[in-house]
Every structure is written in structure tokens, then in C-alpha cells.
Amino acid sequence: MQDDIIFTLTDTAGGLEVADWSVTSGELGIHSGAPFEIVKRTLHGGRQEGSTLVTIRSGRLAVTVIPTRGMGILRASLDGIGFGWASPVDEVVHPSFIRLGERNGLGWLEGFNELMVRCGYEWSGHPTVDGDKVYTLHGRAGNTPASKVEVRIEREAPHRITLSGLIKEKAFKNVEFETWTELTVVPGDTGFSLDDRLVNRADYAHTYEVIYHTNVGRPVLEEGARVIGPFTQVAPFNDAAKPDLATWDRYRGPTRDFDEMLYACELKAGADGRTEVALVNASGTLGFSVAYHVGEMPAFTLWKNTDTDRQGYVTGLEPGSNYPYPLPVERAAGRLKTLEPGAEARFRLHFDLLTDKSAVDACAARIDRLKKGVEVAVHGEPVLRSRTKA
Amino acid sequence: MQDDIIFTLTDTAGGLEVADWSVTSGELGIHSGAPFEIVKRTLHGGRQEGSTLVTIRSGRLAVTVIPTRGMGILRASLDGIGFGWASPVDEVVHPSFIRLGERNGLGWLEGFNELMVRCGYEWSGHPTVDGDKVYTLHGRAGNTPASKVEVRIEREAPHRITLSGLIKEKAFKNVEFETWTELTVVPGDTGFSLDDRLVNRADYAHTYEVIYHTNVGRPVLEEGARVIGPFTQVAPFNDAAKPDLATWDRYRGPTRDFDEMLYACELKAGADGRTEVALVNASGTLGFSVAYHVGEMPAFTLWKNTDTDRQGYVTGLEPGSNYPYPLPVERAAGRLKTLEPGAEARFRLHFDLLTDKSAVDACAARIDRLKKGVEVAVHGEPVLRSRTKA
Amino acid sequence: MQDDIIFTLTDTAGGLEVADWSVTSGELGIHSGAPFEIVKRTLHGGRQEGSTLVTIRSGRLAVTVIPTRGMGILRASLDGIGFGWASPVDEVVHPSFIRLGERNGLGWLEGFNELMVRCGYEWSGHPTVDGDKVYTLHGRAGNTPASKVEVRIEREAPHRITLSGLIKEKAFKNVEFETWTELTVVPGDTGFSLDDRLVNRADYAHTYEVIYHTNVGRPVLEEGARVIGPFTQVAPFNDAAKPDLATWDRYRGPTRDFDEMLYACELKAGADGRTEVALVNASGTLGFSVAYHVGEMPAFTLWKNTDTDRQGYVTGLEPGSNYPYPLPVERAAGRLKTLEPGAEARFRLHFDLLTDKSAVDACAARIDRLKKGVEVAVHGEPVLRSRTKA
């Protein structure tokens, strides 16, 4: 077996940050399979100054990652159909301009526009003050620039491309987390995978929370779009989500004054521990699927933000170790996880971009198999808020 | 009519920021009228790292704008006489070093040294906490780097030069403001104009506040300097301003332990809706005039900060939609403005630099005409604080 | 006498920041004495983006300063033996990523890993809110990039090398401090000196606090290591430090759940006003000495953080104008110093790196001479907390 081809784009150990860079399969002498191109750019101007983007284009697929924003995924596309959403935040804001504590702990909202942003890992939920601890919205990882970024390309077909990034959350006496993220594209595929490992480098145990805040808008999201998956439990996140409970798995079109409704859910996994959930458009010709391991992320939050287009017409499919309730609520509910010294937690996800009826049908068939024998319990009250797992 | 000449210096849409650049009228083949030069520089070192300056020099006039600080105006000069002030903050601080929430909401003071800084547009006044909303001093626009900066030069005489800048205030679920600022210099003129348009891009109405915090120190400001204008109402901003009420329109020399006194004022406009107010030195040989539209900015704050020279001997002539009382006070007084979805508010100002007696006399004559028939009501108490407009 | 050789590496007055630079004694035509090399580097990637380092190497000695972090000293070495410590914070974090107000005033901990960091000068102690004033941990100087950085080399032997840096703490109406720091290396020496001048540029008196937070870990720190010095007073900083009071001057090895213990101390000076305190390893073959002027810094804090290696096994030898109690405590105890307008305070320290038994013995002998006739009062209670000096 031949060695992989490795490019280091960022490495704080060497004080390195490559500003602009690209490589193509042709330049690498790789001529089998789907041709690919990988490009890194540094953005300038306004609150984007210094933001970096890495785009992997391979065959029909393109996916763009933001190393300076915690390796979040800005957007993806297949056959030119874009997956992501149109946030009022229309720039890739660099973390040096974000103050998470501003707006009473809601500063995170000034940068939020990704297809997928990691909420975590010290905490991941809604802001709160708990004794002398101050928790800002959705944690710090999504606004932390990566300390190490590498591109690895396998010399052998199918020439798997892996973009890895290291996110550090470190503060003396407080936390020493390292999250090694890996996004993999197999040339020719219609989706991509994440394989993240959160390591507690400290000598003491530390709690963690994570939510993979995955956000999809038009064209998949539209009036009559549906979320499908082997749901076992669905409960309103709070009173605001009760009015649409009967249609929790269906979407409205852009709706003035809708704001948002959230549902706390649980999903069944298959024999391999994996589950799959998808957003499908009204006619079943477009979709976006998220597969993940229920053992790694037992909580699933469905965020329906079907407000007007300009406000950000979007839904969140959010697997997590927890729901986005404030940390003390999660602790009381028994959902706050703990990492022992040196221990690691792994989070694996696969995203599939579905751009025709046959792809949507295949996804729906996979999900139907998972749903076999499953009955969903839809609760009238936010019962998952305080549920303590055995 | 020929097309304008356009140079794009910043554009986040294209990820562009030109670091250092200049152009002269000669290079453009423009030989009629006053020669001009436009220069952009990027500053480095300390808390200035990454700050940008654009200076327009034309004939006797020079004006320097700070794109990275919300298109604020650092200083201007005519015939080598400088207009601006000497703040203890002696660097052009880049917003990445400013935390508006620090110092109990007074972090803005760590960057304040401009001839003109925009306070706004989500809020513009003194810091306060109002329920779950946290308002820091003078809003965020002045510490937001411009997302788009262009220089436009008309090919036809008088070859008007316009520096435009886009300031975004965007946060998901909170605000989607765009302010398109334009500073225009007509070669040969002794002043310059602003024509700003604040647009509410959101699908919901949003309140706004704005104060054009215009600050002048020596040499115009000195003992015996005066503020002149068609004032109709003058009231102390608070109790601290009462002692000097009798001499509200006259200035002291640098005065130890003076700190500051503020007066809330209203001015009469002419038939065209425009008013003019000026600071004039003791001998009437130097002055600085601000003309603006009273309909756009009905509130005028006079800020007398005649403390010692090193503390920042300066006065503020501050047209605004409101006074700098905390937002809840402005709301209660009926001064909080609202922008409907897609609506815009326009703010036009003209600044004139007066460097000899005839220029001062001409300005005073214009103001005298505005004052015809006007009687100023000077109130003993801060009555404008709570006044609710009909 | 010949002029010094001067290199300006940073100067905000000229908008200058030299990114990468070096010079050697050979290039300067200096061939007498120990050869030297001075190197400036700019770091990139992650939260290091834009951090700068200046390293002076001369003979057996190397010392690395961080201009972007208030001229703090990252580490030093002699004969390849490193002095400093291994913090969980393993990058040189740029201040644009530090928010001192985060973590309930403990944001400073996200960047802390220096051999010496200046705490001050507006305040230097533990975080607190005092009326409308918010004090974050250890003040702002350590997270302020230098506004002016110069290297000065004397043409005449011993070709003294001085790295000077200007730290500004300026906020309109609040503070106008300039600290002119100087770090001097005499080629051939085994240590280096600081000579800092804090100037109050304002027209009003301002209080100040300073702690030179000097931190040493392995290899000097180990089980059985000792701190030696002419201590006259030792008191636990708080109740947590009482258990180890009997062995206050001896160190444990890495100790799980130890966290930290602090002691508030006073030291006797010699006839020249200078005192010396040192950390010495168990076998007396390695040490690190800090000499300073007791009149300039009457308070000495001993910080024993002998927790596990990964948590940061380290001790702090911390001369200061005050102890790190919150500012109101220091004020009440009479330790809050005041600088009159235009006045300056000087802080001189000398650090010596001891890498063999003879060096340690010589240091111990110097300290023994200072201890002659001194009896240390070890208090059972935190009596120095509230002591008001006459």
C-alpha cells in the first residue's frame, strides 16, 4: 500500500497558515475515478478578514469547510444544487469579531450561517448563568479557529480525500479538550462523512456536551417538505412548540411571525447502531440525509425555523449528546456526559445529498427498514426536558 | 455623460481587501479643477494592527476616513489647520481589540478619538440593561469594519469624489441592518458631505437610533469659543450640566475637574428642512460647521468636555434621531424610531471647515438668517429627557 | 562613545510591524565577547494568528518575549535547560482571541502560559465587581500588544542588548497609562533584567497595581524543591493554603487534587533596597532566582500550583505592589498605589538561570547574607489580607 499524500495547511506547532492553495487530481497524477480539486482561500474585508475556506470538489459534489470557524461546514452542493441556507448573516465572520458573551450570551448569532456547526464541547445549549459559571449560546468550538489543518489523499482508488482539523478548547484550570475532526469525501460519492474524536487531555474528568447543528433551507425545505426517520419519541421542546405538534414532521412554507418551534426526539438505530434521518421536499425529488450513531448521540433536536425567507427559512436536524436546554437542565436530566482523563468520545455522521427521485426513494427505503416495528410516541408536553435516563 | 471611475477597495462578496493603494488626478488624466489624491493605507502594530485609513486630499482640503471603524472620520484639515481632537486614545484601534461589553458597557471608550463617529444603529445611547437586552455605550456601528468600500470619481468637472462604505449590523433573529455611507468631496470645496442610508433588510420592523457624534477640539475650541445655531430648545442633559446653564453656548478653556456637561437641544430648520450649527473660536477667525436635516435628526446634543488638554479638550456637536439617554428612556420619550421591513432612513450632513474670518462670517450670516424670529427656550431642568413628541 | 545600534520592529506611530526579522553579532561586525542572535517571528494559525515572538540568543542563554502579549516572557533557557512551564494552554494566544470578561472574569486563563506575565497596571488581582467597575483577572497589560518595540545594541563591549516595548492602557475618561518595558541581556551573562517604567500620562492621579507573575515548572520544580529568600512574613492567602503552612517553603511533587495554595509574604531587602528569592531543586543543582527592589514591590506572593503535570505543575514567584486579592481588598489594606499626573513608577527585576551546583550555591550564599538576623514570622491566619501599612 502506498503512503497517503498529505498537505499541511495550518499548524500552530510550526506557526504555519497557508493563505491560498489548491491541488487537483491531475496535478497529483491521479487519473482513475472522479477528478477532484481542493482549494483553500483566505477571505478579506469587513468581519470576514482572515476567515479561511477549504472547498473539496469531486465529481458532482462540492463541500466547503471553514477552518477558522471550528471546521464548520459552510455549504455543500451536488449537481449544482446547493445545500445550506440563507442566513441574514451573509459573511463568514472571523472569530476575532465575535464576542460570545455579547447580547446577553447570544453573540454566537452574529456568525451563524453554516450548513453544519458544532455546538460544544464544554457546553452546547442555551445560555445561562449557573453559580459562578457563565454559559453562552452553543459553546465555543464553532468560533475557534483550527490549530492544525491537513488534507490527506489516498494514492489508491477510490482516492479517499480527508480534511482533518484540530479544535482546541483550553483554559488553565478549566478545560483541556482537543477535538480532532475529519471530513471525508470519497470521489464519486454523493455525500461526505464526519469522524470526530473529542479527547479530554486533562488529568481530571470533565463533562461535555455536543450538538451537530445541521441546517438546511431551500430548495429542499419548502411547504410540504417532511422529515423522515425512525423516531421513537417526539416531545415539544417548550410550550412554543405545542401548536404544531400534530404536524411536527411536516413543514410550513415561510410563515410570518412563526419564529421557531423545537422538538426533542429520540430515534431508533439499526443493528449496527446507526440511524438515519432525512429532510425531503414535497415532491420527493430532493432531500438531505443525516446518518449517525445513536449510541454516540442519543438526543436529536428538530428545529423548525420556518419564518420568512429573509429571516432565515431553515430547519435543523441536530443529533447530539444532549438537547440544547441550558446545561443545568441537561445535568439534572442525566444527559451531561463525562470524559475521564485521557478518554475520548467519537462522533460519526454521514451526510447524503439527494438530488433526484431515485436517491430520495433509496434513502426513504433505508429509513423504512429502520422504522419496521417502531411506533413513535408523540408527547403533548415537554417531557424529555427532565427525563432522567436509567 | 461619461461613466464614473470606480475603485473597489474592500468587498467581502469577493473576499477582497486592498491593503495599500493610491490614485491621483494626474494619473487619471484629470487636469481641470483642483488636483486631488486619494490614498489607502493599512496600519500595523499594537492595537492598530489591520486598521485601514483612506485619505482624500483635494486642493486645500484633506479628510481621513477609517473603513475598519465604521467609516468614521478620523480628522480633516484645511490649509494645514487640523480639525479633530487629541484624545488620550492615540491610536486607530482595530475592532478586533475592542470589547464593547468591557468596563461595564464602556469598552467603546478604548477606541474613541474620531472627528466623527456614528453611534447606532441598533442603539446609540448610554449603556444599560433592559430586561434580557444589554446595551453598550453608543452601539456597534463605530466598531464594525466596512464590508464594501468604493471610491467613485466623476469624469466630468468638478470631478466629485465619493467614498462609499457599507456597514452591516447582522445577527440571526436580532437585526439585519445595512448602512450605506457616502462621503463626498467636491474638489475645490472647503468641506465635505455625508449621505447615509440605513436599510432594514429584515422582514420585521426594527427600532433604530443614531447620533452623529462630531467632535472638535483645538484650535477652534478655546476659551471664549461659541456654538452658534438656530437653537429653539436647550435643556441640561442631567443635573451635572446645570451649573453652566447660563453660559451654555460659550466655552471655557481647559478646566481641571470639569469632566463634561451635556445639553439636549432642538434647532430650527430653514424652508429646505436644513439647519446649521457651528463652533467658532473666540476671535471669529476659525470655525467648524455642521449642517443637517432636522427632519432626519430632530435631536441635537451639545457635549462640552472642556476638561484639561490631556484628558481630551473637546466639544461634541451631535445631531441625532435621539439623545444619548439609555434606550428605554428614549423609547418612553417617543424618540425611538422604527424602520419597517425594507424601509430606509436617510441621514445627510455637511461639514464645513472655516479657516478665516470671511468664512466664519459667511457661516454666521447663514445661521443668523435661520435664527430670524427664533427665540431659544433655555430650561432649568432636564425637561427634554422625558418629553414625548406629539 | 559610539551610538547604539537600533532596530525598530513595531511602531504604531508609523503604522509599522516587521513580520520576520533577524540579526546576528556577526552581521553587525561585532566579534568581541559572546556571539548573539536576535530573531523576530510572526506566528500563524489557530488562536496564534498574528502573535509575535522575539528571541535573544547569546552564548549559553536564550530568552523569548511575546510583544503581542504585553512583552511577556514566554520562556528562557541556559545550556539548553528550559525555564518556564508546561501549561495546558499550549499556544501563544493572540489577544484578539482573548475576552477577559468571559468565564465570569477569568478569560485571562485562556492565554496563560508564560514564564513571566505582567498583571496590571489598572488592576492586577482577582476578578470582582465593585459598584459600576468590573475587574477581570489580573488586568489587561498581559493581553495588550506592544505599540512600540525596539532592539538596541551597544556598539561597545559587552554589547548590552535591550529589547524595549511600550504597553498602552488607554481609555477616554478612564486611564492613560504607558508602560515602557526594557529587557536587557548582557552577552555572556546567565540571566536578564527588566526595567519597566509605568507613566500616568493623564492630568489626574490614578491608582495602579502590578504583579510580576513569574512562573517556573520542571525541571527546577520537583518534589523536595525549595523556595529560599529573606522572608520576614508568611501568611496563608486564604483558608485553602493553611494545610501546608508548615512546609510553605518546600514543594510537593505533582499531586492530584492539590489545585493551588498561595502565601502572602514580605521579604527583607539589603542595604541597596534589593532582595532576592529563588526556587532551587531538591539536589541544589538547578535554580531560578528573582531579584527585585522591595521599595518598588513590597508584596510577594508565593503561588504553589503543584497539581499534576498535565494540569500545569508550576510555582509562581510573584513580586508586586500588591497581593492578588480583589482591588477593593487591596484598597482597604492600604496597598493600592497612586500615580500622580505625569508621575512614573519603576519596577526593576533581575532573573538568573542557575544550571549547576556552583551557581545555585552562589545564589544561596547571597540570600543567606540577606537573611542574616532575619526571623520569619509564619502566621496561621491570612493576616496580610487586611493589614494596613503605616
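First, the ground rules. This is a predicted model, in which local features need pLDDT of at least 70 and side-chain atom pairs count only at pLDDT 80 or more, while totals for chains, interfaces and linings use all residues. Residues are numbered from 1 along each chain as its sequence is written, chains are lettered from A and ligands numbered from 1 in the order in which they are written, and side-chain values use heavy atoms, with hydrogens and water left out.

Start with chain C against chain B. Each of the two chains puts 37 residues into the contact, where contact means heavy atoms within 4.5 Å. The buried area, that is, the accessible area (1.4 Å probe) that two parts lose on being put together, summed over both, is about 2800 Å², and carbon and sulfur atoms give 46% of that.

How many salt bridges cross the interface of chain C and chain B? The rule finds 9, taking a side-chain nitrogen of Lys or Arg within 4 Å of a carboxyl oxygen of Asp or Glu. C:Glu176 and B:Arg310 form a salt bridge through their side chains, at 2.6 Å, N to O. On chain C, the elements giving two or more residues to this side are strands E1 (5–11), E2 (16–17), E13 (161–171) and E14 (175–185); strands here are DSSP runs of E, at least two residues, and helices are runs of H or I, at least four, numbered from the N terminus.

Now chain C against chain A. Here 38 residues come from chain C and 37 residues from chain A. The buried area is about 2800 Å², with 46% from carbon and sulfur atoms. C:Arg103, C:Arg310 and C:Gln311 supply 22% of what chain C buries against chain A, more than any other three residues.

The salt bridge count between chain C and chain A is 9. C:Glu260 and A:Lys173 make a salt bridge with their side chains, at 3.3 Å, N to O. At least two residues each come from strand E4 (36–42), helix H1 (102–105), strand E22 (299–305) and helix H2 (309–312) of chain C. The largest share of that side, 4 residues, is from H2(C).

B:Phe192 is in contact with residues including B:Val63, B:Leu115 and B:Phe351, leaving aside neighbours within four places in sequence.

That is all I have; questions now, please.
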